[in-house]
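My notes follow the structure.

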Amino acid sequence: MTRTVFIETQGCQMNEADSELMLGLLAREGFAPTPDPNVADLLILNTCQIREMASDKAFSQLGRWGKLKKQRPEVKIAMAGCVAQQVGNTVFERMPYVDMVYGTQNIHDLPRLVRQVFDENDHHVIALDKQKEASTFDYFEDVTQVRQNRGTSAWVTIIEGCNYFCTYCVVPYTRGRQISRKPQSILDEVKRLAEGGVKEVTLLGQTVDAYGQDFNDLRYDLADLFHAVHAVDGIERIRFMTSHPLDLSDRMIEAIAELPKLMEQIHIPMQSGDDAVLKRMRRGYTSDDYYRLTDKIHDRIPNVAITGDYIVGFPGESEEAFLNSVYSVSRAGLYLGNTAAYSARLQTPAAIWEERYADQAIPQSVKEERLQILNEAIRKQAMAHNTPMVGQVQNVLVEGQSKRNPQRLMGRNRQNKVINFDIPDGIDQASLVNSLVDVQVTEAYPFSLLATLL
Ligand code: SF4
């Protein structure tokens with residue numbers, strides 16, 4: 001009997017990849033995905049703690065689904081992901097209509113949990129381990145993920161968890177210690193993707209460049225994996241994220257410079273340009289260490305786009321410290337940066353400090369102002385990168401229609417810059433999707449480029 005499942009994914013790409021695996025596991029249990037929660041037999045909320053107010057948003061969504069369950073009592077509701085990992089079975093006290101809760105370490109238990117709930121009519125089933133022994137993906141090497149709206153590109157998780165324990169971050173508490181997926185499991189997935197027509201893969205992990213450090217019986221790192229994925233026929237482009245500055249080795253930089261399928265784009269969060277703040281964040285490097293790394297990358301890969309992440313308003317961040325972050329954008333030659341105002345996450349040391357040293361907390365209004373200043377510095381930097389590209393020819397992987405103008409197509413160049421482009425009359429848009437084409441840039445904006453098809 002075929003049942004249907006609706007899954008809502010909050011937050012990061014790691015969660016998106018987990019949701020695709022959940023759908024793959026559920027397909028084996030006879031579940032087909034549906035885009036409509038009103039008709040689904042199973043509703044799964046895959047939560048994320050990275051964003052602010054994550055648990056409030058999660059509980060609001062579960063509340064809406066609770067109303068739905070009043071009309072259709074047979075529907076089953078599941079809470080998964082990082083918030084589930086943190087709140088555990090208190091969900092059942094607060095929302096008794098939730099049927100199952102499973103954490104980030106228990107995705108492989110989903111088939112068992114679903115059978116309990118649907119076939120044995122169990123209620124309030126829970127699976128919340130703190131640390132599993134193998135990568136989620138190694139439990140089911142032959143499972144085929146159900147890709148959602150991904151078009152031409154696919155995310156491939158290669159490492160889960162993190163060993164760093166930065167003081168503001170919940171990942172090590174919710175996703176556990178780092179576990180690398182076996183190379184063969186990754187290559188099998190990449191080959192399946194290539195056979196299905198996927199041209200671009202993004203190798204994913206919280207600290208993707210730490211890949212392989214936890215193997216006991218194998219010396220194999222991200223550079224080795226780059227070479228292996230590069231050899232897969234049909235794959236044209238390889239990306240990877242997110243890198244930690246301490247793990248990005250010379251071998252990896254060399255592989256990116258040498259292998260034509262490796263895209264010239266590296267995402268390396270700096271988080272702060274100030275050494276005192278970096279120390280309190282427990283990032284393990286100084287601003288000079290970061291600049292040495294970005295200088296080396298710029299020297300070896302001249303047309304690289306380095307992108308980063310920043311947190312502003314970390315407890316105790318002085319005006320001078322904040323200005324060091326602003327300075328770092330141009331000093332490191334970043335192309336783009338994601339920015340966020342600091343907000344405390346449950347369990348983290350920084351949240352405990354903020355409570356203990358309330359006088360060091362940065363007022364929300366100051367955080368907002370700093371965010372604006374930093375965003376403006378990044379916008380200017382992006383514009384400085386994009387302006388000289390007018391007139392240049394760029395190779396683009398076409399993803400589909402442009403969001404703002406459906407007459408145009410949209411794709412990304414090797415540096416992952418968004419390029420919207422016009423096509424001559426008479427060319428069928430659909431025939432170009434998922435192909436690599438050359439376009440000539442006509443106009444530059446901070447976060448995109450305009451071009452015409454050659
Ligand atoms: S390295 Fe990244 S994922 Fe790991 S603790 Fe630090 S911020 Fe979190």
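These entries cover the sheet, the helices on it, a helix pair and the ligand shell.

I noted that the model is predicted. I looked up the strand order of the open three-stranded sheet and found β7-β10-β11, paired in parallel. The edges are β7 (153–157) and β11 (237–241), each of which pairs on one side only. From one strand to the next, the twist averages 25°. I then checked the pairing of β7 with β10 (residues 200–204), which is parallel and runs over five bridges. In that pairing I located T157 opposite L204 of β10.

Entry 2, helices on the sheet. I found helix α1 (residues 13–28) packed on the sheet, where α1 touches β7 and β10. The direction of α1 makes about 90° with that of β7. Helix α9 also packs on the sheet and touches β10 and β11. I read about 155° between the directions of α9 and β11.

How far apart are the axes of α9 and α10? I get 8 Å for α9 (residues 222–230) and α10 (residues 250–258), at an angle of about 20°. Angles under 35 degrees count as roughly parallel, so I logged α9 as roughly parallel to α10. From α9, the contact uses L222, A223, F226 and H227; from α10, R251, M252 and A255. By class I list five nonpolar residues, one polar and one charged.

I listed the residues surrounding the ligand: C162, Y164, F165, C166, C169, V171, P172, Q206, T207 and H244. Of this shell, seven are nonpolar, three are polar and none is charged.

Methods
Residues numbered from 1 in each chain as written. Predicted model: local features only at pLDDT ≥ 70, side-chain atom pairs only at ≥ 80, totals over all residues. Axes fitted to C-alpha atoms, helices over the stretch in contact; angles between N-to-C directions. Helix = DSSP H or I, 4+ residues; strand = E, 2+ residues; numbered from the N terminus. Parallel < 35°, antiparallel > 145°, perpendicular 65-115°, else oblique. Contact = placed C-beta atoms within 7 Å. Nonpolar A, V, L, I, M, F, W, Y, C, P; charged D, E, K, R; others polar. Near = placed C-beta within 6 Å. Pairing = 2+ DSSP bridges.
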